[in-house]
Amino acid sequence: MSETSMIDQVVSAVVDTIGREYVQVEVSARHVHLSQADLEKLFGPGTTLTPKRELSQPGQFLSEQRVTLVGPKGRKENVSVLGPVRKATQVELSKSDARGLGVKAPLRESGDVAGSGSITLEGPKGSITIPEGVIVAHCHIHMTNADARRMGVADNQHVSVEIGGERPVVFKDVIVRVSDKYRCRMHIDTDEGNATTLGKLPLGRVIK
């Protein structure tokens, strides 16, 4: 059994014991989603993403491929590419990342990229500049319909989430996303993760 599976089992047991309103919290570092056309421009014709490790959301994976992000003020190398490919290329950064690169990155839900920032991506076989697609992802919770019923929340509802520990914080305006394709997880970026202390069993309490 993998360490991730073991942690998932422990978290489930803890949630069953301390209360059904708790959710596991994950920090999502800077990463890129590529369209097939852009993948081939960066890595060569006919390239497909090579899975390296499964992610918590079913069907999602960290790929072996990496890119470099280039902005007016700097570069970020070895940036993860997540799979599978998408219809449009999207770059998800923290606010700190965006400032370091000198790029515009509005706070958005994934997929809402109209009017968002532009950036250049470099791969081993080429480079592209996307006119829009750079965002800071709005913190959110993925959950199934059963999870939503258990917590008494609905799709697109905005909730608060309290995280304890040495540096307790309350994240407000957290978006609930409900689908039976999901696995119950809250996602925050690295800036948000650095604002609190997440241990081996990072749990947040959903406050409606």
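Colleague: Which residue is the bridge partner of glutamate 54 in β4?

Modeller: This is a predicted model, in which local features need pLDDT of at least 70, side-chain atom pairs count only at pLDDT 80 or more, and totals for chains, interfaces and linings use all residues. Residues are numbered from 1 along each chain as its sequence is written, and side-chain values use heavy atoms, without hydrogens and water. Strands β3 (residues 51-54) and β4 (residues 61-70) run antiparallel and are joined by three bridges; strands are DSSP runs of E of at least two residues, numbered from the N terminus, and two strands pair if DSSP finds at least two bridges between them. The partner of glutamate 54 in β4 is phenylalanine 61.

Colleague: Which residue in the turn of the β3 and β4 hairpin has a positive phi?

Modeller: Six residues lie between β3 and β4 in this hairpin. The residue with a positive phi, of about 85°, is glycine 59.

Colleague: In which sense do β1 and β13 pair?

Modeller: Both strands belong to a closed barrel of six strands with mixed pairing, in the order β1-β13-β10-β12-β11-β14. Serine 28 has aspartate 189 in β13 as its bridge partner. Over four bridges, strand β1 (residues 22-28) and strand β13 (residues 185-189) pair in a sense that is parallel.

Colleague: Is arginine 185 buried or exposed?

Modeller: Arginine 185 lies in strand β13, and its side chain has a polar contact (a donor and an acceptor N or O atom within 3.5 Å) of 3.1 Å with that of glutamate 26. Its relative accessible area is 6%. Because buried means under 20% relative accessible area (1.4 Å probe, protein chains only), arginine 185 is buried.

How values were computed. Buried means under 20% relative accessible area, exposed over 50%, partly exposed in between (1.4 Å probe, protein chains only).
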